[in-house]
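My notes follow in the order I checked them.

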Amino acid sequence: MTSHRKHLVRDLNHFITCYICKGYLIKPTTVTECLHTCCKSCIVQHFEDSNDCPKCGIQVHETNPLEMLRLDNTLEEVIFKLVPGLREKEQQQEIEFWRRNKVKESPDEDGPICKKARVDEDDDVKGDGDYHRSDPQIAICLDCLRNNGQMGENIVKGLMKKFIRCSTRVTVGTIKKFLSLKLKLPSSYELDVLCNGEIMGKDHTMEFIYMTRWRLRGENAYPMVLEYRPRIDFG
């Protein structure tokens, strides 16, 4: 008769904790060069001051280490299953964070990031409401950057309607796809998306960029401005 050996969560802590903050991995993000994993917020903040992996010291990238990061959604689900209550605790902390960091308190003005939109009762009855409205929303201005001398910029025209409103969970990768479709870019072209002159990684969410990269606050913070520029993809 085979015996089943039980493992304590603490026996696995070495594999599911962040090297930087020493807590359980939240949005675990792996460095593709060395495969070490940290919390997304921890590793991004670390790369503001260094281009080296915080654990092994290897140089991740000469200029933009954020491009070498990949989210590990599978590991995140494993951790949530191993640690009881962690998912709920993290969700509650996120709600409290947004409550504390609302840009505008006036009920008449939504501000750049507003509370969850209410769905009218009529929409509920009809069943044809916009289901994406349940997410917090953010207003964005998409500007074409043309003064960089990059090859291919002469084929790109600015958007006729450059102001959009989307979920704060939308990633830069999704914005790139949106722009490529709207601008009808050839497949040989790639787009860089920048905030305050810094190239944003494709996995960055609008929420993350607003809180960590967008420097304006108050009245001048609305909307958040993202710039895009074309380049030829030689890969």
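**Overall count**

I began with burial: 36% of the 235 residues in the protein are buried. Buried means under 20% relative accessible area, exposed means over 50%, and partly exposed is in between (1.4 Å probe, protein chains only). This is a predicted model, where local features need pLDDT of at least 70, side-chain atom pairs count only at pLDDT 80 or more, and totals for chains, interfaces and linings use all residues. Residues are numbered from 1 along each chain as its sequence is written, and side-chain values use heavy atoms, with hydrogens and water left out.

I then listed the elements. The protein has 7 helices and 9 strands. Helices (H or I, at least four residues) and strands (E, at least two) are DSSP runs, numbered from the N terminus. I also checked contacts, meaning heavy atoms within 4.5 Å. Of the contacts with a separation of 6 or more, 59% are between residues 24 or more positions apart.

**Cores**

Next I looked up the nonpolar cores. Such a core is a set of buried Ala, Val, Leu, Ile, Met, Phe, Trp, Tyr and Cys residues joined through side-chain atoms within 4.5 Å. The largest has 24 residues. Which of them touch the most other members? I found I140, L142, L179, M206, I209, M224 and L226. Two or more residues come from each of β5 (137–144), β6 (163–167), α6 (172–183), β7 (189–195), α7 (206–212) and β9 (224–232). A second, separate core holds 23 residues, including I16, L25, F47 and M68.

I followed L226 further. Residues up to four places away in sequence aside, L226 touches I140, C141, L142, D143, V193, L194, C195, M206 and I209.

**Strand β7**

I moved on to β7, where 6 of the 7 residues are buried. β7 pairs with β9 in the antiparallel sense over 6 bridges. I count two strands as paired if DSSP finds at least two bridges between them. D192 stands opposite R229 in β9. β7 also runs antiparallel to β8 (198–199), joined by 2 bridges.

**T205**

Where does T205 lie? I placed T205 in the loop between β8 and α7. T205 counts as buried because its relative accessibility is 14%. A polar atom of the T205 side chain lies 3.1 Å from the backbone nitrogen of F208. Neighbours within four places in sequence aside, T205 contacts K40, T168, R169, V170 and T171.

**The three-stranded sheet**

I traced an open sheet of 3 strands in the order β2-β1-β3, with antiparallel pairing. β2 (37–39) and β3 (69–71) are the edge strands, each pairing on one side only. Direction ignored, neighbouring strands here are turned by 35° against each other on average. β1 (residues 28–31) and β3 pair over 3 bridges. V31 stands opposite L69 in β3.

**Helix α3**

Which residues of α3 (residues 73–82) are buried? My list is L75, E76, I79 and F80. They line one face of the helix because they fall within an arc of 140°, seen down the axis of α3. The arc is that of the directions from the helix axis to the C-beta atoms. I noted the general rule too: an α-helix has 3.6 residues a turn, so residues three or four places apart point the same way. On the other side of α3, T74 and K81 are exposed. The buried residues of α3 pack against α1 (13–16), β1, β2 and α4 (86–100).

**Positive phi**

Last, I looked up two lysines. Most residues other than glycine have a negative phi. K27 has a positive phi, near 50°. K27 sits in the loop between α1 and β1 and is partly exposed, at 39% relative accessibility. K184 also has a positive phi, near 55°. I found K184 in the loop between α6 and β7. K184 is exposed, with a relative accessible area of 72%.

Methods
Polar contact = N/O pair within 3.5 Å; in protein donor to acceptor, adjacent residues only side chain to side chain. Axes fitted to C-alpha atoms, helices over the stretch in contact; angles between N-to-C directions.
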